[in-house]
Amino acid sequence: MKARQKRLVFVGLAILGIGAASTLAITALQSNLSYFFSPTQVLANEAPADHVFRLGGLVREGTLQRQDDGLLVNFEVTDNAATVKVAYSGILPDLFKEGTGVVAKGRLRPDGVFQAEEVLAKHDEEYMPPEVAGTLQTAHAEGVTNAAAGQSNSGAAN
């Protein structure tokens, strides 16, 4: 084999190796990727049914239920427009309580309950994850618009 052929084989193998490494890296990143969805988006079937994603909103008042073992917890997450039931088995963060912001990572079960693998709570009185804040603002704006439309329709009926 001539020197030129050896170089071409080496370059070809190098390109093949880089391609294989890139494919492995992209596959690994995609399997660890989890998107954020609000309860409204989950109920609109925008969230993937068979993939891990993050659900964020506020823990709805009066929905926190602990089982006898203390590790199994059920609660509801709302964005003030829609509500999703969440089931979690584990120790909740110290700052977790009703009426506060929360982000849960997990999967949607066939029965429509979000099975959380991880639950994160806000870390102080002022902080709220940007995704949750944006979702709550959007839901609030839609609620105000819908309420105004309802009042104008009821006023027209009178």
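**Core and strand labels**

Student: What does V42 touch, not counting residues up to four places away in sequence?
Tutor: In this predicted model, V42 touches F37, A47, F53, L55, V84 and L108. Contact means heavy atoms within 4.5 Å, so each of these residues has a heavy atom within that distance of V42.

Student: What makes the largest nonpolar core a core, and how many residues has it?
Tutor: The largest nonpolar core has 20 residues. The term requires buried residues of nonpolar kinds, joined through side-chain atoms within 4.5 Å. V42, F53, L55, F75, F114 and V119 have the most contacts inside this core.

Student: Which strands each supply at least two residues of this core?
Tutor: β2 (53–59), β4 (72–78), β5 (83–89), β6 (101–108) and β7 (114–121) do.

Student: Why is β2 called mostly covered?
Tutor: Buried means under 20% relative accessible area. In β2, 6 of its 7 residues are buried, so the strand is described as mostly covered.

Student: How do you know that β2 pairs with β6?
Tutor: Pairing takes at least two bridges. β2 and β6 are joined by 6 bridges, so they count as paired; they run antiparallel. One of the bridges sets L55 against A104 in β6.

Student: What makes β1 and β4 partners of β2?
Tutor: β1 (residues 36–37) is linked to β2 by 2 bridges in the parallel sense, with F36 opposite R54. β4 also has 2 bridges to β2, here antiparallel, and V59 stands opposite V77. At least two bridges are needed, so both pairs qualify.

Note on methods:
Residues numbered from 1 in each chain as written. Predicted model: local features only at pLDDT ≥ 70, side-chain atom pairs only at ≥ 80, totals over all residues. Heavy atoms only, no water. Buried < 20%, exposed > 50% of the residue type's maximum accessible area, 1.4 Å probe, protein only. Helix = DSSP H or I, 4+ residues; strand = E, 2+ residues; numbered from the N terminus.
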